[in-house]
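Biologist: I am new to this structure and would like to learn how to read its features. Could you take me through them slowly, with the general idea before each case?

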Amino acid sequence: GGNTCMSCGIDLARTSLGEATDLARRIILLSDGEANVGVKDVLGFEKLARAAQADDVSITTIGVGDDYDSRSLTALARESNGQHAYAKDEAAMPAIFEEHAKRFASVVALGTEATIKLAPGVELVTVFDRSHRVEGNTVHVPLGQLVRNERKTILIKVAVTGGAIDESVKI
């Protein structure tokens, strides 16, 4: 009926995946427009993606053509530890699907997480482009599924407060 409900598709796919924890769990969302039913805003998609990521489900998004909602699709991929791709038209899609099928077949770790312990007097300012949680002086950054030969990076900004300075050091 002309409606686009990306959140409905994600909810259905998550339900279809069930609760198995021994499988690589990925959703591929293909869109050529903007959501006009269900979740419609970036903050809502970020929340939906974080819930998927908490269940170790990554969402790979593919925007098709010039009219897709790049902000929402990017947020879904980023917050769920998925990837985002762009297809100019239908002819570009087979190569994208082939690449993701290869990645899916080479998953070597599920539910990975980087743990960063901050020294006394060092405080976290921000974690760029990744969801995270802070527990005391420890920063947890979920990395999701890893595929063979993949590299993931974490960029954080920290501040050193007066408590971290050794008073015997002359500056």
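Biologist: In what order do the strands of the open sheet stand, and is the pairing parallel or antiparallel?

Modeller: The model is a predicted one, and in it 3 strands form an open sheet in the order β1-β2-β3, with parallel pairing. Since β1 (25–31) and β3 (84–87) each have a single partner strand, they stand at the edges, so one side of each is left without a neighbour in the sheet. On average, neighbouring strands of this sheet are turned by 20° against each other, direction ignored.

Biologist: How many bridges join β1 to β2?

Modeller: There are 7 bridges between β1 and strand β2 (residues 57–64), and the two run parallel; within this pairing, Arg25 stands opposite Val57 in β2.

Biologist: Which strands does helix α1 lie across, and which does helix α4 lie across?

Modeller: Helix α1 (residues 6–17) lies across β1 and β2 and runs at about 155° to β1, while helix α4 (residues 93–105) lies across β1, β2 and β3, running at about 170° to β1.

Biologist: Is Asp56 buried or exposed?

Modeller: Buried means under 20% relative accessible area, so Asp56, at 18% relative accessibility, counts as buried. Asn149, in the loop between β7 (138–147) and β8 (155–160), has a positive phi near 65°, but at 76% relative accessibility Asn149 counts as exposed.

Methods: Residues are numbered from 1 along each chain as its sequence is written. This is a predicted model: local features need pLDDT of at least 70, side-chain atom pairs count only at pLDDT 80 or more; totals for chains, interfaces and linings use all residues. Side-chain values use heavy atoms; hydrogens and water are left out. Two strands pair if DSSP finds at least two bridges between them. Helices (H or I, at least four residues) and strands (E, at least two) are DSSP runs, numbered from the N terminus. Axes are lines fitted to C-alpha atoms, for helices over the stretch in contact, and angles run from 0 to 180 degrees between N-to-C directions. Contact means heavy atoms within 4.5 Å. Buried means under 20% relative accessible area, exposed over 50%, partly exposed in between (1.4 Å probe, protein chains only).
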